[in-house]
Amino acid sequence: RQLCVVTSATVTTNGLTTALRRKKTHGRTQRQQARATTAAAAAAATTRPKKHTMSQNENDRKRANFSALSNTNGAILKMSSVTGSGKPGDIKKLVIKNFKTKPTLPENYQEKTWEKLRDAVLAIHSSKRIEYSLEELYQAVENMCSHKMDSQLYVSLTSLTEQHVKSNITPFLAEAVDKLVYLKMMNDCWQSHCQQMIMIRSIFLYLDRTYVLQNPTVHSIWDMGLELFRDHIAQNALVQTRTVDGILLLIEKERHGESVDRTLLKSLLRMLSDLQIYREAFEQKFLVATKHLYQSEGQVKMEELDVPDYLQHVDKRLQEENERLLHYLDSCTKHQLIVTVERQLINEHITGILQKGLDQLLEENRLADLTLLYQLFSRVKNGTTELCSHFNAYIKKKGRTIVIDPEKDKSMVQDLLDYKDKLDHIVNTCFERNEKYGNSLREAFEYFINQRSNKPAELIAKYVDMKLRAGNKEATEEELEQILDKIMVLFRFIHGKDVFEAFYKKDLAKRLLVGKSASVDAEKSMLSKLKQECGGGFTSKLEGMFKDMELSRDINIAFKQNMQNAEHKDLQNIDLTVNILTMGFWPTYPVMEVTLPAELLQYQAIFNKFYLAKHSGRKLQWQPTLGHCVLKAQFDAGPKDLQVSLFQALVLLLFNYNPNISFEEICAAINIETGELKRTLQSLACGKARVLTKIPKGREVENTDKFQFNNEFTNKLFRIKINQIQMKETTEEQKATEERVYQDRQYQIDAAIVRIMKMRKTLSHNLLIMELYKQLTFPVKPADLKKRIESLIDRDYMERDKDNQNQYNYVA
């Protein structure tokens, strides 16, 4: 293959060199050259006849603009062969020589060329056919620019375009034109102007790319067209007012639900934006109109609609405005438009919305509406803060009705748990887990749950007892654990935790002693939760109760082994289990003396001897009120095991000796307090399992009643549990527990005062009160603190300062 570089020149017919380029060509094989030569010859043979028959007129039109120049001054071209053979494929040398004289332009060339270009521009303006080809017009512009006529050409084109634009304003100044028709006329004028400027720019492109770029102060042809349209049409006061008012009317119609031509709106607003008058001519008026519309609409809708419907309306309006931004409004309007809508429909009505409908939404648990409310309020300043404040007020108001009403005591704790679950779900689902709302929820709960002192703590303790008691088959272990976790949340809100401790300890003692605890694991889990929450000091007594039960099991095993080795065969039919309780750990129980059977008295004496032998120096005090028994009974239907309390067992054992016994005889025989005896007989003769028959029949036990053993008693179960009728805990026992709590608080206050004074030595009354409030974990009144201070002064733990009666000194 051959490779060579050939320098060639392109010359016009009049001899003026217009371009010179260097071209690389690759040599071809002989076969390729032959094919190319044959094809060129065929093409030449085909085109020559046509060239000769072409009319002179067409030939002239094909010529360049400088065809009138004489070609006598043309460049002299000589082609010489390097090899001299003249064969195809030989390399030839092209020699180019300079002009002998400088070429000159034809006369009136600028005027004639501009006349041709002017006719083309006028044809474009009038939408007529252009007589000249675009190529010829483009070449004319290029030639004028090459001969430094570009400045005059630009001025002439600007003047011609300005005349045309000025002539277009006449239809827009006419009166009594429909606004929609007016807008369409304006849009047609704008679209025509843009198309005309695109066409003109394509012809004058060379001018745009040379003269305009070289002069920074000169506008491009497109910008020149925009400026002329803006100055002479768009910024005309009447035209601008009519156009903007028409656009605003269409937008208002669309906002009222009518269908409008969005394409027309988009085109006109794009026109204002391209002309750079969008903000000054349209945006401010549009925002003012928007403000007035939604200001009046917000006031009307707030009166007409419920809060959920109003929220839906606001959300719909915001979506519509976002659609307008998407379809035809300029993006620079977005922020101010949305802020205007939010201010008029939301911000101005925050208080009204919350007062009118928040309580209803929360009461009916309308999650979707609450979610929308939160989302809308998040868009405006202080919206979520106001919502949080009203949310807090609702929680306090509603919660107080649950806590304060004594008639709701039975369901108080469950209602509080359900209420807390409901509000937690609202915070997590509707309020996006906002931490501020969670804190507000906890603060509100702590406030209203302590509005009624002591009672919520007592009822929470009883609720735990109900859930941990055996026979509670409502929940699995996992569900029970979840319930305990929820209970601990309520427990944290309580100020009087010592009240909870007192009642919880009393109920725990019953569960442990009677064996009613549902699960030891659940009991210990609750204990660990309390310990984690309040510290080891709070649970030390509760832990001591569990230790006592474990030690008692070991003692009973050793006692039974001892009984098997001892010579007490008459007592081997009786199985005795004793729980040894440390008095400091367990609740205080009243000592009640009752008459026990001889066998039980003998058994007690044996155990006393056994226990004191191992633990000398201790004293045992028997508590018959806490005992329970299993009796074997023989009925006509067969034998049964009766699971009863010690008092019930003492009554039933009397019927081994006499089938008919009066109330007074029973009372004399076992020496039980009258009220307790009546409840015991009532459980045996008037309950579900009636192993005794009361004469006369009735639900209440009187002093004159008589009782007999019911041999005809039947039951499908072999072991029957006869529950003792419990005395309602609203009187003595409850008061006793509260009294113990009160007494414990006195001791804690005294200890705290002494501790503070011992450390500070001298302290004023107000500072001492402040320190006490910091240290005490339960609610206390200043008057109670003052009483304890006076008590300590009387007992010489501290004294008043002689010079300042409002100051105390510690007495060592």
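## Packing of α6 and α8

Helix α6 crosses helix α8 in a right-handed manner (right-handed if the near helix is turned clockwise from the far one by less than a right angle, left-handed if anticlockwise). The structure is a predicted model, in which local features need pLDDT of at least 70 and side-chain atom pairs count only at pLDDT 80 or more, while totals for chains, interfaces and linings use all residues. Residues are numbered from 1 along each chain as its sequence is written, and side-chain values use heavy atoms, with hydrogens and water left out.

The angle between α6 (residues 179–203) and α8 (residues 221–234) is about 150 degrees, and their axes lie 9 Å apart. Axes are lines fitted to C-alpha atoms, for helices over the stretch in contact, with angles from 0 to 180 degrees between N-to-C directions. The two helices are therefore roughly antiparallel (over 145 degrees; under 35 is roughly parallel, 65 to 115 roughly perpendicular, and the rest oblique). On the α6 side, the residues in contact include Met-186, Trp-190 and Met-197, and on the α8 side they include Trp-222, Leu-226 and Phe-229 (contact: heavy atoms within 4.5 Å). By class, this contact has 13 nonpolar, 2 polar and 1 charged residues. Ala, Val, Leu, Ile, Met, Phe, Trp, Tyr, Cys and Pro count as nonpolar, Asp, Glu, Lys and Arg as charged, and the others, Gly among them, as polar.

## Packing of α16 and α17

Helix α16 (residues 383–404) packs on helix α17 (residues 412–429) at about 165 degrees, with an axis separation of 10 Å. This angle makes α16 roughly antiparallel to α17. The crossing of α16 over α17 is right-handed.

Among the α16 residues in this contact are Phe-391, Tyr-394 and Lys-398, which belong to the set that meets α17 residues including Asp-415, Tyr-419 and Lys-422. The contact divides into 10 nonpolar, 1 polar and 3 charged residues.

## Ser-662 in strand β7

Ser-662 lies in strand β7, which spans residues 660–662. Its relative accessibility is 17%, so Ser-662 counts as buried (under 20% relative accessible area; exposed is over 50%, partly exposed in between, with a 1.4 Å probe and protein chains only). Apart from neighbours within four places in sequence, Ser-662 contacts Asp-705 and Lys-706.

## Overall composition

The protein contains 30 helices and 13 strands (DSSP runs numbered from the N terminus: H or I of at least four residues for helices, E of at least two for strands). Of its 812 residues, 40% count as buried. Among contacts with a separation of 6 or more, 69% are between residues 24 or more positions apart.
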